[in-house]
Amino acid sequence: LFDGVYLFYPQQRKAAVFNINTIMVIVVFLTLACSFLLIIPGIRGRARLYWTLRILLSLFVGVVIVIVQFTGDWENGWVQANTSYKSFSPVRVNVDIGLHIGLGGVNITLKGNPVYQINETINYNEHFPWNFGADYDHSYSEGLEKGLPSPILYVAEKFSTQSPCAVHRQYRIAGHYASAMLWAAFCTWIISNILFSMPVLVYGGYMLLVTGAFMIFSLLSFSTVRNSPMCLIQIGTRTLHVAYGGSFWLMLAIGLLCFVVGITIVAMHHLNLKLLKTFFDLREDKAEEYQEMPEVFINPHFMNKGL
């Protein structure tokens with residue numbers, strides 16, 4: 001310490017809690033949901049329940065498609081280990097090391113167990129991007145210059161372009177195409193909502209099927225990284241293993257949900273169109289449907305002239 005300040009950091013580093021992009025997406029969709037809830041009282045009868053179910057379900061699908069673009073838990077891994085903390089130092093610490101892989105990069109978490117050890121609070125969360133336009137090796141070099149703890153640098157080095165593991169290119173390309181598929185799914189989700197509001201129900205159902213297909217394609221794209229053998233990440237006597245995380249399984253569930261809803265809408269269009277229109281609040285009023293033609297007055301002069 002120098003006057004109570006760390007040499008490499010102006011203040012003590014803290015682990016990030018939330019991704020700013022994730023918070024912005026959630027706020028936007030919550031604003032849309034709250035705006036809709038304000039007009040719900042103006043909808044009468046059972047249609048109020050149908051409208052609420054449709055809008056909230058649609059917004060949930062949309063927010064998931066966008067939010068998983070910025071999450072870092074497509075693959076996760078945790079390990080508890082006793083390892084060295086700094087290079088060229090014999091001091092060892094008990095830590096929890098986490099690896100969180102997203103579409104645009106990797107987050108490496110280092111947390112002491114307990115947090116306060118060797119007169120220091122050990123709680124780090126470092127991000128190393130590999131999306132197009134970002135330089136992973138430059139971020140890794142900056143970590144070396146900052147003097148990040150050895151476990152973080154060791155794990156980050158496994159994903160660098162110079163690493164013998166050779167997984168950097170696979171993760172970068174797989175994440176890029178998975179992200180592209182998700183943006184395509186977001187576009188088809190918008191189109192499906194437009195078709196439902198026109199209303200062209202059966203074509204909206206078809207677009208939901210396309211939306212689900214793009215989601216599944218994004219999962220298939222990301223899963224191609226498993227075709228390349230992953231190097232062992234050996235930390236002390238323990239090995240860090242990764243598995244599919246929450247974002248991967250959430251996207252799979254939403255993709256299957258879009259398939260189920262799309263197939264249901266298409267089937268109802270052919271089997272029971274009346275019930276489908278009722279759910280979408282398009283059922284015509286029977287009183288108007290069978291209303292008798294009102295009395296019509298005809299000018300006899302023009303009638304005779306026409307004859």
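The legends below describe close-up views of a predicted model.

View A. An unreviewed UniProt entry annotates residues 20–39, 51–70, 177–196, 203–222 and 242–267 as "transmembrane region". Residues 20–39 are 100% helix and 0% strand, with the end C-alpha atoms 30 Å apart.

**View B. Packing of helices α1 and α2.** Two packed helices are described by the angle between their axes and the distance between the axes. Helix α1 spans residues 20–39, and its axis comes within 10 Å of that of α2. The crossing angle is roughly 170°. Angles over 145 degrees count as roughly antiparallel, and α1 and α2 are therefore roughly antiparallel to each other.

**View C. Residues at the contact of α1 with α2.** From α1, the residues T22, V25, I26, F29, L32, A33 and F36 take part. They meet W51, T52, I55, L56, L59, G62, V63, V66 and I67 of α2. By class, the residues of this contact are 13 nonpolar and 3 polar, with no charged residues.

**View D. The second largest pocket.** This pocket holds about 660 Å³ of space. Its lining consists of 26 residues, and R54, F196, I265, F279 and F280 lie nearest the pocket centre. Two or more lining residues come from each of α2 (47–67), α5 (168–197), α7 (246–271) and α8 (273–279). The lining of the second largest pocket comprises 20 nonpolar, 5 polar and 1 charged residues.

Methods. Residues numbered from 1 in each chain as written. Predicted model: local features only at pLDDT ≥ 70, side-chain atom pairs only at ≥ 80, totals over all residues. Heavy atoms only, no water. 1 Å grid on protein atoms, 1.4 Å probe; cavity = no way out; pocket = protein on both sides within 12 Å on 5 of 7 lines; lining within 4 Å. Points joined across faces, edges and corners; volume = space filled by probe spheres on them. Helix = DSSP H or I, 4+ residues; strand = E, 2+ residues; numbered from the N terminus. Nonpolar A, V, L, I, M, F, W, Y, C, P; charged D, E, K, R; others polar. UniProt positions renumbered as here; feature names shortened; annotations may be inferred. Axes fitted to C-alpha atoms, helices over the stretch in contact; angles between N-to-C directions. Parallel < 35°, antiparallel > 145°, perpendicular 65-115°, else oblique. Contact = heavy atoms within 4.5 Å.
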